[in-house]
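Thanks for coming. Please have a look at it first.

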Amino acid sequence: MALWAGSQLSALTPLHAWWLTLAAFFLLTLMLQLLPPDLFPSSAFFQDLIRFGKTKLEASVRPAICRSFDVPKRYFSHFYVVSVLWNGFLLWCLTQSLFLGAPFPNWLHTVLRILGAAHFQEGELALSAFLVLVFLWLHSWRRLFECLYVSVFSNAVIHAVQYCFGHVYYIFVGITVLSQVPMDGRHVYVRGKNLFMQARWFHILGMMMFIWSSVHQYKCHVILGNLRKNKAGVVIHCKHQIPFGDWFEYVSSPNYLAELMIYISMAVTFGFHNFTWWLVVTYVFFSQALSALLSHRFYKSKFVSYPKHRKAFLPFLF
């Protein structure tokens, strides 16, 4: 494993550098949040940048300049509109190339080449990238549906930088998947000339994990939404309450845990060995762990009766 990781690090591409930088930033930020406040006092500007929604500091203690960068949290739906359109376009390009032999557009091939996509990637199957891109597209559709019809947003906000980053993220994650497709020039290289003959056991396992994780994430979002509705499904308030049921019995932010599991299911679909996608998973782990920690602290500070056994992110561990 160490030799494999070392060989991969020795051939870093711009895409690897992007995901490594993001993972390192969120790891460092998470470690700083775990330090005692008096040991490493953090600036209000930094705290404002890494927090969103209910974990934002009270408006009275936030500098006016920070509040000027507020964007409504309900704009989360914009991320998924961009993802559905952009990753749907990438999926269309890949489908055209796989089944009709159409080449990628010149500009898209150039972008992939600049970011470090390699031709005839050893061990990579075109079917793996195709399935992962389908998963990503379906995930975006579901999250868009949840933002529009399941979640109940209050007047909570996110930072303008977070809003811009959300758009860039879903563009880059789609490009990352597409960059793992083995290429022959501008065409997809299909080993054996039959895409579905590439089916392996890890494709089935990855698909099952993806469905399982998605179902639990949906359940968690329904539970959160229902906290603000009456039995008839009508929104009656926007207050925060203690959620119960499903994975909420183990962690404070099971929706973040399910997000991690969704990305791990994609790593499984890639056959476990895709270094680039494990970098994506590493970033997702640290970013979701940070959000979960801040959310966990919010619940504990707001509710005296908050369940003591619940962890922030990983059941029984963290």
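The largest cavity has a volume of about 60 Å³. On a 1 Å grid over the protein atoms alone, a cavity is a set of points where a 1.4 Å probe fits but cannot get out, and lining residues have an atom within 4 Å of a point. Grid points are joined across faces, edges and corners, and the volume is the space filled by probe spheres set on the points.

Before going on, a word on the source: this is a predicted model, where local features need pLDDT of at least 70, side-chain atom pairs count only at pLDDT 80 or more, and totals for chains, interfaces and linings use all residues. Residues are numbered from 1 along each chain as its sequence is written, and side-chain values use heavy atoms, with hydrogens and water left out.

Back to the cavities. The structure holds two of 30 Å³ or more. Which residues line the largest cavity? They are I50, F52, G53, K54, T55, K73, Y256, S291, L294 and S295. By class, that is four nonpolar, four polar and two charged residues. Here Ala, Val, Leu, Ile, Met, Phe, Trp, Tyr, Cys and Pro count as nonpolar, Asp, Glu, Lys and Arg as charged, and the others, Gly among them, as polar. Helix α11 gives the most to this lining, with three residues. Helices (H or I, at least four residues) and strands (E, at least two) are DSSP runs, numbered from the N terminus.

Now the largest pocket, with a volume of about 1300 Å³. A pocket is an open set of points with protein on both sides within 12 Å along at least five of seven lines. It is lined by 49 residues, and F52, K73, F76, Y256 and S291 lie nearest its centre. The lining of this pocket has 26 nonpolar, 17 polar and six charged residues. Several helices supply at least two residues each, including α2 (14-34), α5 (76-100) and α11 (275-302). The largest share, eight residues, comes from α11.

K73 also lies over the face of F76, at 5.9 Å from the ring centre. For that, NZ of Lys or CZ of Arg must be within 6 Å of the ring centre and within 35 degrees of the ring normal. R310 sits likewise over F244, at 4.9 Å from the ring centre.

Next, rings. Those of Phe, Tyr and Trp (its six-membered ring) pair if their centres lie within 6.5 Å; planes under 30 degrees apart are stacked, over 60 edge-to-face, and the rest tilted. The count comes to 35 aromatic pairs. One of them, W19 with Y283, is tilted, at 5.7 Å centre to centre and 45 degrees between the planes. W19 lies in α2 and Y283 in α11, so the pair ties together parts 264 residues apart in sequence. W19 is buried, at 0% relative accessible area, and Y283 is buried at 6%. Buried means under 20%, exposed over 50%, and partly exposed in between (1.4 Å probe, protein chains only). Both rings belong to a cluster linked by ring pairs, with F25, Y80 and F165 among its other members.
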